[in-house]
Amino acid sequence: MPRATTVESDGCPPLRALTFDVLGLVKVTETRSQQGGVAKVVERWGEPDSSLCVLAASMNDRKIDPLLAVARKNGAIELLSPINGDVRVSFSNNNQADVQSQEDNIVGLHLFKKRTPESSSRSCTLLTCTMKGVTSLRSTVIPKSLGDSTCDDTPTTWNVCAAGNVLCCKVDENENYALYGGKGVEVNIWDLATHTKIWTAKSPPKNSLGIFTPTWFTSATFLSKDDHRKFVAGTNSHQVRLYDMSAQRRPVMSFDFRETPIKAVTEDLDGNTIYIGNGSGDLASFDIRTGKLLGCFLGKCSGSIRSIARHPDLPVIASCGLDSYLRIWDIQSRQLLSAVFLKQHLTNVIFDSHFNDEEVAGSVAPLPPSEVKNDDEPVDGNEEESPPVVKRKKKKTSKSHAVDGDEEEPRKKKKSKSQAVDGDDAELLSAKRKKAKKSRNVDGDEEESVLVEHEKPEKTKAGSKDRKSKKGTKKSKGERIDEP
Amino acid sequence: MGKKRKDREVQSDDDDAAKTRTKRTDIDKSGAKPQLLPSMIKNKEKRSAVYAKIKHEKKVEKRKNAKAREALESRALELGEELPPKKVPRTIENTREADETVCKPDDEELFAGNDADEFSSILNREQPPKILITTCRFHSTRGPALIKDLIAVIPNAEYYKRGTYDLKKIVEYANNKEFTSVIVVHTSRREPDALLVIGLPNGPTAHFKLSNLVLRKDIKNHGNPTSHKPELVMNNFTTRLGHRVGRLIQSLFPQDPEFCGRRVVTFHNQRDFIFFRHHRYIFETKENKQHDAKEKNKDTGDEKTPKGKVIARLQECGPRFTLKLTSLQHGTFDTKGGEYEWVHKPEMDTSRRRFFL
């Protein structure tokens, strides 16, 4: 009796994901609630060319004027608009303008979300890291049109490692520290403000047979948003290690996962779940506090997983890799929600969290900041309980409410979902948040007159950062007590 | 025993039928089941009798249908009408599960991907293929014999003794010597059981299971291949994975066949098994027998007009074996740190109608 293998996509929530592949194409996949939540490729940007293979991508996922940075194999870095795929700026990574050597590919790219106070609103900061360990930090001004693409002032460049190959590079949520690791490079943390190495890991001791596994990190991620001290790294010898900078230089915990190298590690929002993808297409979630396997994501996935992305609001992750499928999974049930065949080997996947279900993609024009300012003040006042990310969403809907009346419903649903996910913790958090918000409101009123050109989301983010940092210090205190 | 049963059936046919009928009406009344299944009867003799009856009825009906179809056909022939359409039998292949990865001829991304992949330089005849064949560490008996046959099949192939070298070292060596592929014949218990095809310098590594090996000397009336470059026939590599594996295999052979050699190498994919065959062919004009008979009666003098039709005759030569893909690895051979493009996993085998190539 034949069994149907078509994916029973029981309503993938409306979302938008961008995937990058080896031919340099960027594909946009969207699911909409009207079409029963089936993922579909809606746009394709770029021409197929193997020299334009995308090696790394990073997105500044803000609501107004989002920006997408893409590092290509030929050494070029492009800043795209994630809404319609227009190239805003394109420049070469090495400032000497000589031919990029084949081995020195870019492995890490990070587009900074926060802005330095002195920089103008149209500039952005980029961190790039090549395989040889050459890291550069540069800021670029986005021109009005592509014609006058001006490369910036000289980037600050430093070398992360003397020998070996850097394979993974991550910047923490507050964007103060960067994490590097690779083949023959122990994971190390750099302070981005002073460009100094502040911490290096120590390789684990020889095992009982006296065999030393050579250092080879393939993926790494910071564990929680508000704490840069804890991070998880996956090795080529299928080991996942948890490091804690405040505790010791050797891994606090390490466990094995299957038998092929760990190729992708992504943290969950709650800070104690991680998602691991390996070289033979196995995807699993682990509780990092105990090192226990929570469960595997089963589907007929057979190609190496290159990238995992966690959606910032919805309980959904996306994985992609060498089997050319973009798969969207539910976190709770670990069921496959949707799978899209994208024809090429995929290298990266990114979620666009500000995707609106109703509106037609591509026609979204970034709203002028003045309009936003007028709108979000009253909303801010009466919206106290929802978590900040959702709140931003809410603002958006209220804004577009004037345009389209039917929009409210899916939003509400989503909100309730996310709250249901949080469960009891959400209540506690919201209580905390109320307090924080009160104080913040006072601050906000004062600042308003000063910062005219800065947008509101920025400010809320800054506020939440403050909160986070407070929390972080608390936590760290607790940990220090634990220390011997 | 069969006869006995038949006899009994004939005797007890009537009362049996009556019984079932009554039962059926009972059931119909209750409305639970419309039909009595023979498996529901507990008495074995009764059950077998009912079953035999049903089977007989089916057979009669089938014969009737066939006769009716034949009659239709013959009538259509006589009247010179269009023949009724032939029914296509449902096979596992043509009822395979729908696969969205099947290559379409109008897919421009596919061609762009082809141009960018590892085999494009060989398949565009920019570079002749050069193959290194080696073995696993310990091999004997049928292994060397297979290698001898393989060297006869694949032009520009060289055998290197394995020695005690690591496979990674051999790959490195082959890279330096500008080989384009490495084939490793793996034997277990003196029987070749796996084939590893590595594309160089950074091509994929395919791992095949090898079965049903028949060497050339074991084939009856086998031919001996010439040293011409063979033609290549690739059948049914439809999906993206199949396409890639097909290109990997294709890159082992030179892309400029010498048609005068009349050698053909076939890789036929059926239900994910790749069948390898090696033939010599010849085109012959076969004269019709009726013509022959007539000509013999008259005279055999005039041979100016070619009579009869041209047929191709095949002679098998070279080994015969079956491959099944177990994994396709990205990059060259690396079991520990390798990334797989495709691995066969047991959870894929939940349907007989799901094929990957």
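How many residue pairs are in polar contact between chain A and chain B? The count is 15, with both residues at pLDDT 80 or more. A polar contact is a pair of N or O atoms within 3.5 Å; within protein, one must be able to donate a hydrogen and the other to accept it, and residues adjacent in sequence count only if both atoms are side-chain atoms.

This is a predicted model, in which local features need pLDDT of at least 70, side-chain atom pairs count only at pLDDT 80 or more, and totals for chains, interfaces and linings use all residues. Residues are numbered from 1 along each chain as its sequence is written, chains are lettered from A and ligands numbered from 1 in the order in which they are written, and side-chain values use heavy atoms, leaving out hydrogens and water.

**Stop 1: the interface**

Select chain A and chain B together. Here 34 residues of chain A are in contact with 26 residues of chain B, contact meaning heavy atoms within 4.5 Å. On the side of chain A that touches chain B there are 11 nonpolar, 13 polar and 10 charged residues. In this grouping, Ala, Val, Leu, Ile, Met, Phe, Trp, Tyr, Cys and Pro count as nonpolar, Asp, Glu, Lys and Arg as charged, and the others, Gly among them, as polar.

Next, select A:Arg44 and B:Glu108. They form a salt bridge, with the closest N and O atoms 3.6 Å apart.

**Stop 2: the cores**

Move to B:Ile274. Leaving aside neighbours within four places in sequence, its contacts include B:Phe208, B:Phe267 and B:Phe321. These residues and B:Ile274 are among those with the most contacts inside the largest nonpolar core, which has 39 residues. Such a core is a set of buried Ala, Val, Leu, Ile, Met, Phe, Trp, Tyr and Cys residues joined through side-chain atoms within 4.5 Å; buried means under 20% relative accessible area (1.4 Å probe, protein chains only). Then select A:Ala309, A:Val316, A:Leu326 and A:Val349, which belong to a second, separate core of 17 residues.

**Stop 3: confidence**

Colour by pLDDT, the predictor's confidence in each residue, from 0 to 100. Chain A averages 74, and chain B has a mean of 85. Select residues 360–429 of chain A, where pLDDT stays under 50.

Methods: A salt bridge is a side-chain nitrogen of Lys or Arg within 4 Å of a carboxyl oxygen of Asp or Glu. Buried means under 20% relative accessible area, exposed over 50%, partly exposed in between (1.4 Å probe, protein chains only).
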